[in-house]
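Open the model in your viewer and keep the sequence panel beside it. We will go stop by stop, selecting a few residues each time.

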Amino acid sequence: MDGQEADCGALGEAVVFLSHFKDLPDPRQRGKIVYPLDEILLLCLLAVLAGAETIVDIARFGEKKLALLRRFRPYRDATPSHDHLGDILASLEAEAFQRCFVAWVAAFTGTLAEVIAIDGKTLRRSYQKKGAKLPIHMVCAFAARQRLVLGQVKVAEKSNEIVAIPKLLALLEIEGAIVTIDARRGVVG
């Protein structure tokens, strides 16, 4: 495959990715948007695929790989700083984003998951000592064959995983898969 064919394939994948997020509400005031949401989402996807693990990593990727990013979208105002990027991502409705993400993952994998493992985890270092901030508990759905996280939901404070699991399953719209639930508690690093 030559470079031009690779560019066309990559552009096609970017279009497919963004098509799953086209209905994601952007809560920012229209007249004040400097960085379009599709550009932010594509920046995040490519940065994470390249190994970025934090907002700072994603912002750094944007600075260093602006020419690459402009092969897919204009990025007229370059990419946002990590602070601005964090604010934009924090403003998005988490459940709406998750629905878009799950739809993209389902289309991306192309095959139905045969076994989906549901497991609850407590996020390490997500609390403050002396009870100032309770730890964050998440329930996660993992497609075993694809080795892929399909989705996750936060367990409400003063609740338990049993309440969050039906919400996660409804989000995934699972058909024809075996769903397993791990009763042990664990910690995500």
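Buried means under 20% relative accessible area, exposed means over 50%, and partly exposed lies in between, with a 1.4 Å probe and protein chains only. This is a predicted model, so local features need pLDDT of at least 70 and side-chain atom pairs count only at pLDDT 80 or more, while totals for chains, interfaces and linings use all residues. Residues are numbered from 1 along each chain as its sequence is written, and side-chain values use heavy atoms, with hydrogens and water left out.

**Stop 1: the overall layout**

Switch to a cartoon view. The protein has seven helices and five strands. Helices (H or I, at least four residues) and strands (E, at least two) are DSSP runs, numbered from the N terminus. Trace the chain from the N terminus, and the order is α-α-α-α-α-α-β-β-β-α-β-β. Contact means heavy atoms within 4.5 Å. Among contacts with a separation of 6 or more, residues 24 or more positions apart account for 60%.

**Stop 2: helices H2 and H3**

Two packed helices are described by the angle between their axes and the distance between the axes. Axes are lines fitted to C-alpha atoms, for helices over the stretch in contact, and angles run from 0 to 180 degrees between N-to-C directions. Select residues 37-49 for helix H2 and residues 55-64 for helix H3. They pack at an angle of about 100°, with their axes 9 Å apart. H2 and H3 are therefore roughly perpendicular to each other. Angles of 65 to 115 degrees count as roughly perpendicular, under 35 as roughly parallel, over 145 as roughly antiparallel and the rest as oblique.

Now show the side chains. On H2, pick Leu43, Cys44, Leu46, Ala47 and Val48. They meet Ile58, Phe61 and Gly62 in H3. By class, this contact of H2 with H3 has seven nonpolar, one polar and no charged residues. Here Ala, Val, Leu, Ile, Met, Phe, Trp, Tyr, Cys and Pro count as nonpolar, Asp, Glu, Lys and Arg as charged, and the others, Gly among them, as polar.

**Stop 3: the two sides of H3**

Stay on H3. Which of its residues are buried? Ile58, Ala59, Phe61 and Gly62 are. Look down the axis of H3: the buried residues fall within an arc of 155°, so they line one face of the helix. The arc is that of the directions from the helix axis to the C-beta atoms. On the other side of H3, Glu63 and Lys64 are exposed. The buried residues of H3 pack against H2, helix H4 (66-69) and helix H5 (82-91).

**Stop 4: H2 meets H5**

Select Ile40, Leu43 and Cys44 of H2 with Leu85, Ile88 and Leu89 of H5, which make the contact. The residues of this contact divide into six nonpolar, no polar and no charged.

**Stop 5: the loop between H4 and H5**

Find Tyr75 in the loop between H4 and H5. Its phi is near 45°, a positive value in a residue other than glycine. Is Tyr75 buried or exposed? Tyr75 is buried, with a relative accessible area of 1%.

Next pick Ala78, which lies in the loop between H4 and H5. Ala78 has a positive phi of about 65°, although it is not a glycine. At 25% relative accessibility, Ala78 counts as partly exposed.

**Stop 6: Val155**

Select Val155, in the loop between strand E3 (148-154) and helix H7 (161-172). Val155 is buried, with a relative accessible area of 6%. Leaving out residues up to four places away in sequence, Val155 touches His137, Met138, Val139, Asn160, Glu161 and Ala164. Draw a distance from Val155 to Val139, 16 residues apart along the chain: their C-alpha atoms are separated by 6.8 Å.

**Stop 7: helix H7**

Move on to H7. Glu161, Ala164, Ile165, Leu168, Leu171 and Leu172 are buried in this helix. Seen down the axis of H7, the buried residues fall within an arc of 125°, so they line one face of the helix. Turn to the face away from the buried side, which carries the exposed residues Ile162, Val163 and Ala170.

**Last stop: Glu175**

Finish at Glu175, in the loop between H7 and strand E4 (178-181). Glu175 is exposed, with a relative accessible area of 64%. The C-alpha atoms of Glu175 and Glu114 are separated by 9.4 Å, and the two are 61 residues apart along the chain.
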